[in-house]
Amino acid sequence: MQLVWDMDGTLLDSGVVVPAAYVATVRELGGPPVTPAQVVARYSLGTSEMILADLLGRDVAAAAADIYYRQLAAADIGPYPGVADVLAALRRRGHPVAVFTGASSRAAQILLASAGVAADLVIGGDQVQRPKPAGDGLLLAASSLGVPASSLAYVGDAPNDLKAARAVGGVSAAAAWGHQYDPAEPADVTLATPAAALDLLG
């Protein structure tokens, strides 16, 4: 079994920082008033640029997206308690740290670096054709890791994370500590803490 991690709400405690970055960016670009809840409701749209375009109601130029990324880079963000220890334990066991996030690769690199989280494989939403709940990102992860998709356990807090795992025949592991966790969403296993993910390795 190989673990693949969602980023926002699973590895990183970003439930406040990321929506705030969107709200500030939309305000700076003269868009309509936006609440953090409205931002979170759009996470399933895909990449950071796609979410920003929807919030603004218009196409987003590179310069506009740069404003969002500057907001992210200035944010104070960290991993959830226990994440650093779990990732270190994974490496000691010879497992790579793999991340698949719906956010863009650029956002992922900024946030992971800011939080001090190093990953061996990072797949962003801009690297796949279809966003979660499609399993495209997990298929790409499996190919990159050289394992069948059915051997992946995808750890994520949001319902679409669990649906993506099921779409490729992998193990859906609900991160119950995450800000989008919904106990009503079916999961193969529910993890109370990041450390519990190590039990999936057998």
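Throughout this briefing, a residue is called buried when its relative accessible area is under 20%, exposed when it is over 50%, and partly exposed in between, as computed with a 1.4 Å probe on protein chains only. By that scale D66, at 24% relative accessibility, counts as partly exposed.

The structure is a predicted model, in which local features need pLDDT of at least 70 and side-chain atom pairs count only at pLDDT 80 or more, while totals for chains, interfaces and linings use all residues. Residues are numbered from 1 along each chain as its sequence is written, and side-chain values use heavy atoms, with hydrogens and water left out. Helices (H or I, at least four residues) and strands (E, at least two) are DSSP runs, numbered from the N terminus.

**The sheet**

- Six strands form an open sheet in the order β3-β2-β1-β4-β5-β6, and the pairing is parallel; two strands are said to pair if DSSP finds at least two bridges between them.
- The edge strands of this sheet are β3 and β6, each of which pairs on one side only.
- From one strand to the next, the twist averages 25°, where axes are lines fitted to C-alpha atoms, for helices over the stretch in contact, and angles run from 0 to 180 degrees between N-to-C directions.
- Strands of a sheet pair through backbone hydrogen bonds, either parallel or antiparallel.
- β1 and β4 pair in the parallel sense over four bridges, and Q2 stands opposite L152 in β4.
- β1 also pairs in the parallel sense with strand β2 (residues 98–100), over two bridges, and the bridge partner of V4 in β2 is A98.
- Between β2 and β3 there are three bridges, again in the parallel sense, and F100 has I123 in β3 as its bridge partner.
- Helix α8 packs on the sheet, touching β4 and β5, and its direction makes about 165° with that of β5; contact here means heavy atoms within 4.5 Å.

- A nonpolar core is a set of buried Ala, Val, Leu, Ile, Met, Phe, Trp, Tyr and Cys residues joined through side-chain atoms within 4.5 Å; the largest one has 49 residues, of which W5, L12, L72 and V155 touch the most other members.
- The elements that give two or more residues to this core are β1 (2–5), α1 (17–28), α3, α4 (62–74), α5 (83–92), α6 (105–115), β4 (152–156) and β5 (171–175), and the largest share, six residues, comes from α6.
- Leaving aside its neighbours within four places in sequence, L72 is in contact with V18, A21, A107, I110 and L111.

**The buried residue S48**

- S48 is found in helix α3 (residues 48–56) and is buried, with a relative accessible area of 2%.
- Not counting residues up to four places away in sequence, S48 touches Y22, Y68, Y69, A103, S104 and A107.

**Salt bridges**

- A search of the whole structure finds seven salt bridges, each being a side-chain nitrogen of Lys or Arg within 4 Å of a carboxyl oxygen of Asp or Glu.
- One of them joins the side chains of K132 and D6, at 3.1 Å from N to O; K132 lies in the loop between β3 (121–123) and α7 (136–145) and D6 in the loop between β1 and α1, so the pair ties together parts that are 126 residues apart in sequence.
- K132 is buried, with a relative accessible area of 11%, and D6 also counts as buried, at 4% relative accessibility.
- R106 forms a salt bridge with D66, the closest N and O atoms being 2.8 Å apart, and this pair links R106 in helix α6 with D66 in helix α4, 40 residues apart.
- R106 counts as partly exposed, at 42% relative accessibility.
- The side chains of E185 and R166 meet in a salt bridge of 2.7 Å, N to O, which links the loop between β5 and β6 (189–191), where E185 lies, to R166 in helix α8 (residues 159–167), 19 residues apart.
- E185 is buried, with a relative accessible area of 14%, whereas R166, at 34% relative accessibility, counts as partly exposed.
- Salt bridges that share partners join D6, K132 and D161 into one network.
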